[in-house]
Amino acid sequence: MAWDRDTVHHLFSQSEARSIISIPLSMNRKEDKLTWHFTKDGRYSVKSGYKVAKTLKENELRSPASSGNKTGLWKWLWALSIPNKVKIFLWRCLYGILPTKGALIRKGVSIEGVCTRCGMMVESNEHAVRDCMWMEHYWVVSPLRFRLPEISQRGTLGDWIVFMKEHGDKEGHALFAMLMWGAWCSRNDVTFGKNTHDQSHYIQMAINRLHEHAAALSNRTKTLRDEKLDRWMPPDAGYIKVNTDAYIREGEGSWIGVAIRDERGQIVTTLSRLISTEFDVAIAEAIACRDGRHWN
Ligand SMILES: [Zn+2]
């Protein structure tokens, strides 16, 4: 009956996580259910679906992704080997919809739209992660060694991402995406008055997250492969298969278990018994094998 804060922060961007955690939870334990955000009663209607699709289509036409190979751009983005929340962050950059101070002013939220760090410019998407003079050091000491005057000429963040996509390899793209996200985290920490670390902290964080993600991915592939090997397969027609196992229960002895199944995977018979002596696991496994063979 409480938000799993670690998981929420792990999966979503800071501002999304804050919004999610601020949603009050029901006091009586109710089942979760899916609702459609775009109708009053939360139920999907074709009419509202059509309206949403139309708006999305219009937004898409306005984004930089509309110039050139649009499908190619989204495919490239979703295939990047980076955490999902960073993909969504990059997607927001492509649409130019980061929740910057400049964007809040456009929405009529009355706050001062000036960048918290330099206090000089209105905070646009580009200013927030790239063009502020406080980001100069970040990009130049990053492994990409970007110089601010040069990258500032790359147009909007969307144009910049499209440019980067056309240059370099997959590893370089993933690193670039992570560094963009690191720059945004640094901006958020200053804006929300959190502990401010020096820029190299955020560069290191971005690189660490990239490595952690790669490690997690390779672990998952390994587990999937192992699971495939471990999956039980029925015997050939006309045969039975005998599976045996043993385990030691301290102070009690060794238990052995046998399951015999036919070609359809149906249980023919099972056996489990306690051997009073505490054997070594390997010996107990051997006894289980012997019993399994004698059982039928
Ligand atoms: Zn600034």
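Biologist: Is Asp291 buried or exposed?
Modeller: This is a predicted model, and the class follows from the computed accessibility. Buried means under 20% relative accessible area. Asp291 has 11% relative accessibility, so Asp291 counts as buried.

Biologist: With which residue does Asp291 form a salt bridge?
Modeller: Side chains of opposite charge can pair when their charged atoms come close. For Asp291, the closest N and O atoms of the pair are 3.1 Å apart.

Biologist: How many salt bridges does the structure hold?
Modeller: The structure holds eight.

Biologist: Which residues coordinate the zinc ion?
Modeller: The donor residues are spaced C-x2-C-x8-H-x4-C in sequence. The donor atoms, SG for the cysteines and NE2 for the histidine, lie at 2.0 to 2.3 Å. The residues are Cys115, Cys118, His127 and Cys132.

Biologist: What is the geometry of the site of the zinc ion?
Modeller: Four donors count as tetrahedral if all angles lie between 85 and 135 degrees. Here the angles among the four donor atoms are 104 to 118°, so the site is tetrahedral.

Biologist: How many residues apart in sequence are the parts that Cys115 and His127 tie together?
Modeller: Both residues are among the donors of the zinc ion. Cys115 lies in the loop between α6 (101–106) and α7 (125–131), and His127 lies in helix α7. Cys115 is buried at 2% relative accessible area, and His127 is buried at 5%. The parts this pair ties together are apart in sequence by 12 residues.

Biologist: Which residues form a nonpolar patch on the surface?
Modeller: One member, Met121, is in the loop between α6 and α7. Met121 counts as partly exposed, at 47% relative accessibility. Together the members have about 470 Å² of accessible area. They are Met120, Met121, Met133 and Trp134.

Biologist: How far apart in space are Glu285 and Ala246, C-alpha to C-alpha?
Modeller: Glu285 is in helix α13 (residues 281–295) and is partly exposed, with a relative accessible area of 29%. Not counting residues up to four places away in sequence, Glu285 touches Thr244, Asp245 and Ala246. Glu285 and Ala246 are 39 residues apart in sequence, while their C-alpha to C-alpha distance is 5.0 Å.

Biologist: What share of the accessible surface of the chain belongs to carbon and sulfur atoms?
Modeller: The chain has 13 helices and three strands, and buried residues make up 34% of its 296 residues. Its accessible surface comes to about 19,700 Å². The share belonging to carbon and sulfur atoms is 55%.

Technical notes: Residues are numbered from 1 along each chain as its sequence is written. This is a predicted model: local features need pLDDT of at least 70, side-chain atom pairs count only at pLDDT 80 or more; totals for chains, interfaces and linings use all residues. Side-chain values use heavy atoms; hydrogens and water are left out. Helices (H or I, at least four residues) and strands (E, at least two) are DSSP runs, numbered from the N terminus. Buried means under 20% relative accessible area, exposed over 50%, partly exposed in between (1.4 Å probe, protein chains only). Contact means heavy atoms within 4.5 Å. A salt bridge is a side-chain nitrogen of Lys or Arg within 4 Å of a carboxyl oxygen of Asp or Glu. Donors are N, O and S atoms within 2.8 Å of the metal (3.2 Å for Na, K and Ca); water is not among the atoms, so sites may look incomplete. Four donors count as tetrahedral if all angles lie between 85 and 135 degrees; four count as square planar and six as octahedral if opposite donors are over 155 degrees apart and all others between 65 and 115; anything else is irregular. Patches are made of residues with over 30% relative accessible area and no salt bridge: like charges are joined within 9 Å, nonpolar side chains (Val, Leu, Ile, Met, Phe, Trp, Tyr) within 5 Å. Accessible areas come from the Shrake-Rupley method with a 1.4 Å probe; for residues, only the protein chains shown count as cover.
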